[in-house]
Amino acid sequence: MENVLNQRQQHLSAIACLEAKGDLKHLDTAIRAALDDRVAVSDIKEALSQLYAYTGFPRSLNGLGTLQRILSERQTAGITDEPGREAEPLPADYDALQQGTEVQTQLVGGQPFNYTFAPATDYYLKAHLFGDIFARNNLSYADRELVTVSALSGIEGVEPQLKAHVSGARNMGLSDAELHSIPLTLYNKVGNVEAYRAAKAVCEVYGESLADNYDALLGNGRPVDFSVWPKGELNTAYAQYFIGNSYLAPLDAQNGGPVNVTFEPRCRNNWHIHHKSVQVLICVSGRGWYQEWGKEPVEMTPGTVIPIPAEVKHWHGAASDSWFQHVTYMTRVEEGASTEWLEPVVDEVYDQLPR
């Protein structure tokens with residue numbers, strides 16, 4: 001898939017997402033790169049200012065402070081940045097509530113939206129966010145929605161708002177190709193977790209398959225969030241006992257200690273039995289499943305610990321929509337201990353797992 005966002009749009013997208021994450025180290029790098037590519041100071045400042053409505057004043061002020069410090073350093077070094085243009089003054093008879101209502105109506109697709117449950121919030125949205133802020137004409141409506149979608153992609157747990165703004169971005173002038181390019185931009189400039197959130201939202205709004213659109217880039221599942229655990233090398237030695245790709249990272253290879261195992265979405269090992277030894281699984285990232293023969297599957301999320309008694313037939317692997325990592329080690333190992341590999345966990349069994 002070709003990225004059709006221009007360099008200015010890509011820089012604003014990355015800056016917005018990093019601001020939302022609170023990642024000031026990489027935000028510093030992203031702002032410097034944008035300035036080097038002659039993105040206007042006023043564009044960056046306006047994007048960071050707008051984001052207080054979505055990410056809160058602390059992150060917005062941290063972002064603006066980062067920009068201010070960088071500009072001071074560059075000025076001292078004799079670098080002249082592109083100032084850009086400031087927003088034009090609003091007319092004396094400007095009605096923020098009326099204007100904001102019109103803008104919000106356009107954003108949601110032509111139907112008035114009234115948040116009657118919380119009238120004060122409804123007023124803030126209309127009069128301040130979509131009135132006062134969107135009325136500032138140094139960023140277009142399309143620019144503002146690009147910034148918003150990118151920022152929300154950097155935040156966990158705001159999927160409904162992210163999807164709503166993907167739809168809103170279409171209504172505000174971002175093309176289909178531009179919206180589909182946001183995940184590519186975030187993948188290249190921020191991270192795969194943020195890119196996945198954006199891609200999932202875009203595909204759900206358009207009624208498309210994540211795998212068909214982004215499989216080559218992201219795979220067909222949620223990446224492991226900010227994992228500090230090593231992924232390791234492709235598990236070729238035991239590949240015959242797995243469906244899908246897994247990766248092994250020995251944590252104490254010299255002494256036969258724990259191993260971190262990473263599973264791609266839908267990857268699972270065959271049914272198997274550990275004879276004369278107990279296996280312990282500790283989920284460290286992502287989401288997966290463990291199941292013993294004749295019992296219900298057990299969901300594994302970070303912190304789940306499962307001791308597997310000797311002689312128990314079982315399997316474990318990733319959820320269909322998520323990468324999965326667990327640390328494993330053997331204990332109570334008796335003489336003659338071994339692993340007996342059995343039949344695969346076929347799709348007919350795996351696909352019955354809860355979603």
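**Entry 1: R8**

I started at R8, which sits in helix α1, residues 7-21. The model I am reading is a predicted one. The cut-offs matter here: buried means under 20% and exposed means over 50%.

Next I looked up what R8 touches. Setting aside residues up to four places away in sequence, I found V39, D43, L139 and D143. I also checked R8 against R38. The two are 30 residues apart in sequence, and their C-alpha atoms are 8.3 Å apart in space.

**Entry 2: R38**

That took me to R38. I placed R38 in the loop between α2 and α3. Its relative accessibility is 44%, so R38 also goes down as partly exposed. I then read the backbone. Phi of R38 is positive, about 70 degrees, although R38 is not a glycine. I flagged this because most residues other than glycine have a negative phi.

**Entry 3: R266**

I looked up another positive phi, at R266. The value is near 75 degrees, and R266 is a residue other than glycine. R266 is in a loop too, between β4 (259-263) and β5 (268-269). With a relative accessible area of 26%, R266 counts as partly exposed.

**Entry 4: helix α5**

I wanted to check the length of α5, residues 57-76. Its 20 residues should span 28 Å at 1.5 Å a residue.

Which residues of α5 are buried? I listed S60, G63, T66, L67, I70 and R74. I then looked down the axis of α5. The buried residues fall within an arc of 125 degrees, so they line one face of the helix.

R8 belongs to α1, and R38 to the loop between α2 and α3. Just past the end of α5, I noted G78 with a positive phi of about 85 degrees.

**Entry 5: helix α6**

I repeated the length check on α6, residues 96-107. The helix has 12 residues and reaches 16 Å from its first C-alpha to its last. That is close to the 16 Å expected at 1.5 Å a residue. The buried residues of α6 are A96, G100, V103, Q104, T105 and L107. I looked for their packing partners and found α7 (119-133), α8 (141-152) and α9 (159-171).

**Entry 6: C203**

I moved on to C203, in helix α11, residues 192-206. Is C203 buried or exposed? The relative accessible area is 2%, so C203 is buried. Beyond residues up to four places away in sequence, C203 touches E208, S209, L210, N213 and Y214. I also took the C-alpha distance from C203 to H180, which is 8.4 Å. These two are 23 residues apart in sequence.

**Entry 7: W341**

W341 is in strand β13, residues 338-341. I read a relative accessible area of 24%, so W341 is partly exposed. Leaving out neighbours within four places in sequence, I listed the contacts of W341 as Y238, Y241, F242, N269, N270, W271 and H272. W341 and H274 are 67 residues apart in sequence, with C-alpha atoms 8.9 Å apart in space.

**Entry 8: the whole chain**

I closed with the totals. I counted 13 helices and 13 strands. The C-alpha atoms fill a box of roughly 85 × 50 × 35 Å along the principal axes. Of the 355 residues in the chain, 47% are buried.

I then looked at contact range. Among contacts between residues at least 6 apart in sequence, 72% join residues at least 24 apart. The accessible surface comes to about 17,100 Å², and carbon and sulfur atoms hold 52% of it. Last, I looked up the charges. The chain has 28 positive and 45 negative charges, and their mean positions are 3 Å apart.

Technical notes:
Residues are numbered from 1 along each chain as its sequence is written. This is a predicted model: local features need pLDDT of at least 70, side-chain atom pairs count only at pLDDT 80 or more; totals for chains, interfaces and linings use all residues. Side-chain values use heavy atoms; hydrogens and water are left out. Helices (H or I, at least four residues) and strands (E, at least two) are DSSP runs, numbered from the N terminus. Contact means heavy atoms within 4.5 Å. Buried means under 20% relative accessible area, exposed over 50%, partly exposed in between (1.4 Å probe, protein chains only). Accessible areas come from the Shrake-Rupley method with a 1.4 Å probe; for residues, only the protein chains shown count as cover. Lys and Arg count as positive and Asp and Glu as negative; His and the chain ends are not counted. The place of a charge is taken as NZ of Lys, CZ of Arg, CG of Asp or CD of Glu. The expected span of a helix is 1.5 Å times one less than its number of residues. The arc is that of the directions from the helix axis to the C-beta atoms.
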